[in-house]
Amino acid sequence: MSRPEMTKTLLSAMEVGTLPISDLSASHRQILIDHPVRAIGNQAREMLKRSGASVNSDRESIVAAKMKLTKMTGDLEKGKLVFTKNCASCHVFKDEGKVIGPNLNGMSVHPKSELLIHILDPSRSVEANYRQYTVVTTEGLVINGLLTSESRTTLEIVDAQTKKHMILRENIVELIASSKSVMPEGLEKSIDDQGLIDLLEYLTQPVEYAPLSLDRVANVVTTQGMFHKRDSKVEQLVFSEWSIKHVGKVPFSLIDPQGSEVNNAIMLHGPHGSFAPSLTKSVSVPCNASASQIYFLGGVAGWGAKNPSPRGVCMVVRLHYADGQQEDHR
């Protein structure tokens, strides 16, 4: 699908029945209907409409119609198979999958209704670093995926097969930033109702440790200097790879900064340096589950004293409980 002429041949084969339209994945359908060559996009939409394989653009109504599935109990083993077939190419859950979209470890703390919205209406609330980009090159190639890094001379796009494409800016004819998520709409065409029930059961099964996502509150990139200079290597926290890290039995899910493009840690306001004084004094992370203990991977200080200071504590962890009570840890 990266070459328009071959894409036209593919569509023609499906028009006459040489290739079954059912072979198209949700990602394939999204690429076709959003194709930068208007004639290809129009042909694809008409073909999908005639075959009954077109995706309903009213995602809110689809979600409402499927919400009853969240009240049903599914099969964990079958749910795992649905995840492997439809989700593991872009998402990590437990020890399976690839890191393109958000890491799904910790999903067990979210209700099934919330997960169903993300699955069926992925563009309802999409973060900037998970939006779809399309690049058209001077050679006529069409490349779709996440924009993972860029410089003054190059762009890097990672496609749905996790293949990285480094493209020189001088070879770009068109760069299209979509408002849609890289996760395609229309998964209900690939996963039937029972499959969705099983998938939701698998993603929300109780686990001993549930990582809480910091994606929405992370405000610094640790692969850059965090206090005085962005290029200072002594002010960085860099891992050789950004997989799940275990401290004893406790797993910590690290955010991949994708070079230096994605915020991957929380840094709070401080009085010193050129950067810390501009930062927030507090962040809030929802837990949405009962817990006996909470573990933190952090506590790194820029100017932390070796001995207690008369100025008092440097951070307060405040727990807000469902019954309205709160508890401070200093």
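Here are a few exercises on the predicted model shown above, each with a worked solution.

**Exercise 1. Decide how well covered helix 7 is, and say what its buried residues pack against.**

Step 1: Count the buried residues. Nine of the eleven residues in helix 7 are buried, so the helix is mostly covered.

Step 2: Name some of them. Among them are Gly-195, Asp-198, Glu-201 and Tyr-202.

Step 3: Look at what lies against them. The buried residues of helix 7 pack against helix 5, strand 1 (92–93), strand 2 and helix 6.

**Exercise 2. Take His-91 and His-110 in turn: where does each sit, and is each buried or exposed?**

Step 1: You'll find His-91 in the loop between helix 5 and strand 1.

Step 2: Check its cover. The relative accessible area of His-91 is 10%, and the cut-off for buried is under 20%, so His-91 is buried.

Step 3: See what His-91 reaches. Its side chain comes to 2.8 Å from the backbone oxygen of Pro-102. Residues up to four places away aside, His-91 also touches Phe-83 and Met-183, among others.

Step 4: Check the cover of His-110. At 17% relative accessible area, His-110 counts as buried too.

Step 5: Look for partners. The side chain of His-110 makes a polar contact with the side chain of Glu-114, at 3.2 Å. Not counting residues up to four places away in sequence, His-110 touches Leu-115, Thr-204 and Asn-288.

**Exercise 3. Work out which parts of the chain the salt bridge between Lys-66 and Asp-193 ties together.**

Step 1: Check the distance. The closest N and O atoms of Lys-66 and Asp-193 are 2.6 Å apart, and a salt bridge needs them within 4 Å.

Step 2: Locate the two ends. Lys-66 lies in helix 4 and Asp-193 in helix 7, so the pair ties together parts that are 127 residues apart in sequence.

Step 3: Compare their cover. Lys-66 is buried at 18% relative accessible area, whereas Asp-193 is partly exposed at 30%.

**Exercise 4. Trace the salt bridge between Arg-318 and Asp-328, and find the network that holds the pair.**

Step 1: Take the distance. The side chains of Arg-318 and Asp-328 meet at 2.7 Å, N to O.

Step 2: Arg-318 is in strand 10 (residues 317–320) and Asp-328 in strand 11 (residues 326–329), ten residues apart.

Step 3: Look at the cover. Both are partly exposed, with Arg-318 at 43% and Asp-328 at 30%.

Step 4: Widen the view. Arg-318, Asp-328 and Arg-330 are linked in a network of salt bridges.

Note on methods. Residues numbered from 1 in each chain as written. Predicted model: local features only at pLDDT ≥ 70, side-chain atom pairs only at ≥ 80, totals over all residues. Heavy atoms only, no water. Buried < 20%, exposed > 50% of the residue type's maximum accessible area, 1.4 Å probe, protein only. Polar contact = N/O pair within 3.5 Å; in protein donor to acceptor, adjacent residues only side chain to side chain. Contact = heavy atoms within 4.5 Å. Helix = DSSP H or I, 4+ residues; strand = E, 2+ residues; numbered from the N terminus.
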